[in-house]
Amino acid sequence: MITKTAQELAIPVGVTLDRFIMHSQSAFPYATGELSQLLRDIALAGKIINREINRAGLVDIAGGNGTENVQGENQQKLDIVANIRFIRALKNGGEVCAILSEEDEDIIHTGNNHGKYVVAMDPLDGSSNIDVNVSIGTVFSIYRRVSPINEPATKEDFLQGGRKQIAAGYILYGSSTMLVYSTGDGVNGFTYDHSLGEFILSHKNICCPANGSIYSVNEGHYNSYPEFVKHYIGTCKEKSFSARYIGSLVGDFHRNLLKGGIYLYPSTKKDPKGKLRLLYECYPLAFIAEKSGGKASDGFGPILDIVPSSFHQRSPIYLGSAAMVEKAIGS
Ligand code: AFP
């Protein structure tokens, strides 16, 4: 008879997100646990959105809602659902005094003026992929407020600049659902185990490969890209790099983060300042890129150094493996 060890008989579940957060917090003797709780609130909202997405084909929450968001883009029902879910989770959690969302023009005051943090987020990015079962994501960015505690948050809380983020990350609703985040010290990824209802540490200390052979760009806009971008795309083709672009920033970024690659969204004639939003698309992913050894540039300098002037401002972005980003922008 073949005997099995305890490990073989009952494979360990692994480290849950809660346990990981608790252990990380204990490394900081003065930590109050509020940021930890905030990360848990985000994870909870992610689980709920994951459930909604999985049921989308069965209940009436797929497809357009017939409304437009602040950017003038058609809102999908799930955009609205995800926005409500996140706002509710952050309001109920109590640590966040205000939220900036892609879906709303102005900041949303949670009523928790005692909260130390503000969150900028795109609750559901890649809306055009919702109906067709392609990966979509949530992107978030966390700041410690600069306005006085116990008073309403101000716009300055959100316009601090990318270097002031104290944590950022994303949730990818893909072939599996993953939460990837950093509080500044490394980047870690957690895969959602549906049967347990828990995010489990699956990608410890993610390091973006220094170089790669995947490029992700919408080549449909090629004719209106700046010359340096056309030149770089040409070099990718000469080297027979793989073109991979699904039109969901989180999915395209995640692939390149793990395998080595670059995501480009340059300025175009239609969007001379780029399409992606600085505060809740570019900053958080630039933070993750840098903390994992990668780079993020707007073509002139690091994305995180851009001084923001408005909530929904846009930026071109070149993001991913350091050597590829450097080559693309010619530095
Ligand atoms: P939507 O959320 O409106 O689908 O935009 C997605 C996105 O912001 C980003 O996730 C994609 O990479 C990019 O826009 C796709 O834009 P193009 O359709 O112009 O390639």
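A polar contact is a pair of N or O atoms within 3.5 Å; within protein, one atom must be able to donate a hydrogen and the other to accept it, and residues adjacent in sequence count only if both atoms are side-chain atoms. The views show a predicted model, in which local features need pLDDT of at least 70 and side-chain atom pairs pLDDT 80 or more, whereas totals for chains, interfaces and linings use all residues. Residues are numbered from 1 along each chain as its sequence is written, and side-chain values use heavy atoms, with hydrogens and water left out.

**View 1. Polar atoms of the protein around the ligand.**
A polar side-chain atom of Tyr245 lies 2.5 Å from an oxygen atom of the ligand, while for His221 a polar side-chain atom is 3.4 Å from a ligand oxygen. Ser128 takes part through its backbone, where a polar atom lies 3.3 Å from an oxygen atom of the ligand. On its own the ligand has 480 Å² of accessible area (Shrake-Rupley method, 1.4 Å probe), of which the protein covers 85%.

**View 2. The shell of residues around the ligand.**
The ligand is surrounded by 16 residues (a residue is near if one of its heavy atoms lies within 4 Å), and the closest are Asp125, Tyr245, Leu249, Tyr263 and Tyr265. By class, this shell holds five nonpolar, seven polar and four charged residues, with Tyr counted as nonpolar, Asp as charged and Gly as polar.

**View 3. Helix H7 and the residue that follows.**
Helix H7 spans residues 249-259 (helices are DSSP runs of H or I with at least four residues, and strands are E runs of at least two, numbered from the N terminus). This helix is mostly covered, with nine of its 11 residues buried, that is, under 20% relative accessible area with a 1.4 Å probe and protein chains only. Among the buried residues of H7 are Leu249, Asp252, Phe253, His254 and Arg255. Just after H7, Gly260 adopts a positive phi of about 95°.

**View 4. Leu90 in helix H4.**
Leu90 belongs to helix H4, which comprises residues 77-93, and is buried, with a relative accessible area of 0%. Although Leu90 and Leu39 stand 51 residues apart along the chain, their C-alpha atoms are separated by 9.7 Å.

**View 5. Glu102 and its partner Arg277.**
Glu102 is placed in the loop between strand E3 (96-101) and strand E4 (108-109), where this residue counts as buried at 3% relative accessibility. The side chains of Glu102 and Arg277 are joined by a polar contact of 3.1 Å.

Key. Buried means under 20% relative accessible area, exposed over 50%, partly exposed in between (1.4 Å probe, protein chains only).
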